[in-house]
Amino acid sequence: MISSTWEGKGETRSAIVADPDFISRLTRLRNAMTGMYDNPPQPPGLRNHTPESVTAAFEAWADEYRAALDAIVANVNLSYPQTVTFTNVMRPQLEFENQKFSHNLRFYQHVSENSDLRETTRKMAKRYDDIWTDMNMREDVFRAREALYHRSGLAVSRKQNLARYTTEDTAKSAGFEDAESATALEEEWKEAIRLGLGLPTKSQRDHFNQIQKRVETIKSEFKTHHASDNGCNWFTPAELDGMDNDIIDQLAKGTGKNEGRLKVTFNPSHYDIFLRDVKSSEARKRMWIAMENKCPENVPLFKEAMLLRDEAARLLGYPDHATLRIESRMAKTPRAVNNLLNDLRTRVAPLAAKELNQLLQAKKKDCETRNLPFDGSFYYWDWAFYASKISKQEHDLDHKKVAEYFPIDSAITGMLRLIGRLFGIVFVRLATEDLERISPTGVAEDVMYHRDTIMFSVWNDESEGDDFLGYLYIDAHPREGKYRHVANFPLELGHQRADGTRFYPSTALVCNFPAPTKDKPSLLDHEHVVDLFHELGHGIHCLVSRTRFSRHHGTAGKRDFVEAPSQMLEHWTWRAEYIKRISQHYLTGEQMSDDMAERIAASRHFLQALRNLRQLSSAIFDMEVHSPKSRAALENMDFTRRYNELRNGLTGMKGPEAIGEPMTHGHGNLQHLFCEYDAGLYSYHWSNTYSYDMFHYAFAKDPTDISQGYRFRHTVLEKGASQDEMLILEQFLGRKPTTDAFCMELGLAEPMEKPFLKGSSFAGRGPVIEEGTSSEEGPAIEGITLPEGSPSAEADPIADGGSSDEAGRVIQGDPFAEGGAVVEPTSPKERIRHKMWHIAAHFKRNRK
């Protein structure tokens with residue numbers, strides 16, 4: 001038996017959990033015997049909407065939200081303090097939020113094959129955002145919340161201690177039922193101030209409202225241009241020399257003026273492979289420039305948005321937009337952010353220069369070998385090609401060979417088993433007959449938004465109570481109109497219903513991994529495996545979160561923390577033991593060799609200094625455009641030139657302007673600045689310091705320690721955004737977080753805590769807004785390369801190679817082998833047959 005303890009809300013809870021081997025075997029046996037996972041207590045949400053039903057739903061939501069706010073005003077009389085209660089002031093809105101599940105419908109714009117449905121969803125989401133802005137500017141509602149905020153004592157306690165947490169004790173002393181309720185009110189108060197409701201005159205408030213509406217319109221247009229862009233380039237077969245024939249065979253053939261050419265799209269499944277494998281520098285240049293220059297209509301929108309954001313911040317009394325945005329995050333001040341970015345830049349620059357020289361020498365040698373001219377420069381379109389060459393030489397890693405060991409089905413199975421074991425979770429893959437049984441309409445297709453998506457019901461294992469957690473969708477391959485990168489999208493948000501029962505969440509991993517070919521299944525390279533673990537981390541965060549209110553569920557936390565749990569899970573993908581454990585050659589079923597797994601693990605920090613600088617350049621650009629020295633400086637800024645100057649200056653690489661061609665406008669693709677990451681691109685580095693600290697504290701010695709896994713689940717993931725993230729970290733670590741592990745891993749000479757964390761959340765909480773002063777999904781940053789107990793039971797599908805049948809169902813070897821359970825779907829006849837097989841296998845092993 002293993003004793004597991006974790007910090008609960010205001011108390012230390014403890015539980016006794018069974019040995020994981022026993023759990024896994026018993027779980028599978030019990031399901032085979034009883035079908036205990038066959039009937040989830042909540043059916044999956046419907047995914048069969050039409051443009052008409054989406055329009056009707058958004059209109060209904062608008063009416064329901066208006067009614068919720070009207071109820072607040074009707075029930076509160078500021079002349080009678082006894083009416084100024086949480087029930088009257090906050091509960092109507094919170095209950096509305098719990099019921100609306102807006103992600104469910106907004107999701108169609110990212111994944112639907114129906115172009116009319118995608119466009120309708122975008123239009124209605126924009127209309128709803130406009131209505132939401134108007135509703136949030138209602139002064140009558142604001143006055144009621146303002147009265148409750150002051151009457152409760154939260155305002156006084158915040159004024160007395162700007163750095164205080166909203167704890168259970170704080171909440172109870174202010175008359176709230178729990179800390180989450182107090183947090184909700186304080187969030188509304190702060191947001192109202194940031195929305196201009198504290199401005200002294202109506203004309204100022206109206207002007208601020210108009211600015212906000214225009215910014216929302218720009219955000220919508222910017223993202224729509226990016227999502228609807230179908231850019232591509234056409235190349236002759238000779239120009240594609242170096243690309244795998246399996247990929248070339250999938251490319252569309254041109255007609256008319258493109259007769260004899262092949263179409264290469266901007267989808268990562270084409271674009272990334274093209275830049276990595278194509279030998280022709282001229283072809284790579286054409287492709288890179290075309291990608292950088294897509295969405296030219298976003299360039300003027302970018303400037304307009306920066307100017308409007310700056311104007312709005314100054315109206316509220318802030319010096320700039322960055323100060324406004326960052327004060328509500330963990331960093332608290334732009335100064336802390338800039339210290340981090342500048343300190344990292346200084347520290348990694350020497351190593352980056354060595355890495356660039358290594359790339360340049362590889363290019364020189366290649367040019368000499370192929371008798372090509374060498375101009376002594378290294379261009380952006382050279383990066384992936386020569387990085388791949390050096391990786392093959394230094395680590396003897398061929399991306400194509402590595403990918404042969406990660407067919408997508410076995411990679412997903414291995415990933416879910418590892419995560420299931422660590423956190424006490426069971427994943428049950430749902431077959432068509434299962435979906436028909438649990439669908440509200442009895443039709444499987446009505447709960448599957450696309451036929452290629454696979455779906456799991458997700459449960460606690462026996463140690464966690466065997467109860468239901470929610471649904472997980474995995475949408476693996478590219479298609480027309482689909483979101484083009486890798487991200488997790490919450491579909492329904494978990495919460496506590498008014499009657500005290502739970503509403504269970506659903507979440508989707510939307511990926512663009514290579515599609516299967518006529519001869520091969522979908523094969524993932526190791527970078528894809530890292531992406532898959534990262535996004536599953538967000539998905540698990542959504543599934544195990546247990547909050548009262550949907551607004552706090554899962555990944556709703558601060559932008560500079562919310563990536564940390566997923567970044568922490570990436571560590572397992574860089575440990576040789578686990579790389580091997582989830583590998584399985586698509587032809588032989590064999591695991592990769594220890595040597596290959598170790599070489600992959602050793603490549604973790606390959607060219608990482610340059611990778612960091614590429615990401616830092618966008619983060620620094622983000623801070624510059626959102627915190628200019630003056631209004632005039634922003635008005636006169638040449639955004640295209642500054643974006644390229646920063647990138648070129650930090651990395652030492654060159655763009656087309658170095659050879660007399662026009663600069664590209666890559667900032668027109670920075671859609672994250674229009675998806676809640678404005679003044680927030682630093683978050684990936686900031687949260688990464690937390691991820692290293694948590695991993696090295698809890699898992700570095702033993703990554704299979706399920707007592708720590710359970711602690712992480714209950715102390716960090718379960719809380720969502722229901723309490724302050726720094727308090728969550730301190731509860732898990734038993735101290736304030738530090739940068740020691742991060743610096744050690746990157747080979748930096750000394751911790752960065754003194755240089756950049758003074759006045760930030762690491763050094764003890766920074767300033768929080770005073771009285772009267774004034775989370776869409778985050779996939780990998782656009783256009784930037786992000787940093788990158790062994791079971792040996794016989795017939796283990798991970799150790800010995802599981803397989804998939806023609807229906808794509810997971811077929812396990814020994815169903816009682818170590819690891820979190822991934823339960824196969826079966827028809828009634830198959831289930832009877834498997835019951836007997838499971839029992840026989842169980843007793844056979846017990847005799848051994």
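User: Why are α12 and α16 called roughly antiparallel to each other?

Analyst: In this predicted model, the axes of helix α12 (residues 202-228) and helix α16 (residues 298-315) cross at roughly 155°. Angles over 145 degrees count as roughly antiparallel, so the label applies to this pair. The two axes come within 10 Å, and α12 passes α16 in a left-handed crossing.

User: What makes up the contact of α12 with α16?

Analyst: On the α12 side you will find, among them, F208, I211, V215, I218 and F222, and α16 brings residues including L301, F302, A305 and L308. The residues of this contact divide into eleven nonpolar, five polar and six charged. Among the residues taking part are R214, K219 and E221 in α12, along with E304, R309 and E311 in α16.

User: Why is P440 called partly exposed?

Analyst: Its relative accessible area is 48%. Buried means under 20% and exposed means over 50%, with partly exposed in between, so P440 is partly exposed. You can find P440 in the loop between α22 (432-438) and β6 (454-460).

User: How do you know that P440 and G45 are apart in sequence, and what is the distance in space?

Analyst: They are 395 residues apart in sequence, while their C-alpha atoms are 8.1 Å apart. Leaving aside neighbours within four places in sequence, P440 is in contact with P43, P44, L46 and V447.

User: Which residues have the most contacts inside the largest nonpolar core?

Analyst: Those are F274, L472, I540 and W572, in a core of 156 residues. Helix α18 (residues 334-369) gives this core its largest share, eleven residues.

Terms used
Residues numbered from 1 in each chain as written. Predicted model: local features only at pLDDT ≥ 70, side-chain atom pairs only at ≥ 80, totals over all residues. Heavy atoms only, no water. Axes fitted to C-alpha atoms, helices over the stretch in contact; angles between N-to-C directions. Helix = DSSP H or I, 4+ residues; strand = E, 2+ residues; numbered from the N terminus. Parallel < 35°, antiparallel > 145°, perpendicular 65-115°, else oblique. Left-handed = near helix turned anticlockwise from the far one by under 90°. Contact = heavy atoms within 4.5 Å. Nonpolar A, V, L, I, M, F, W, Y, C, P; charged D, E, K, R; others polar. Core = buried A, V, L, I, M, F, W, Y, C linked by side-chain atoms within 4.5 Å. Buried < 20%, exposed > 50% of the residue type's maximum accessible area, 1.4 Å probe, protein only.
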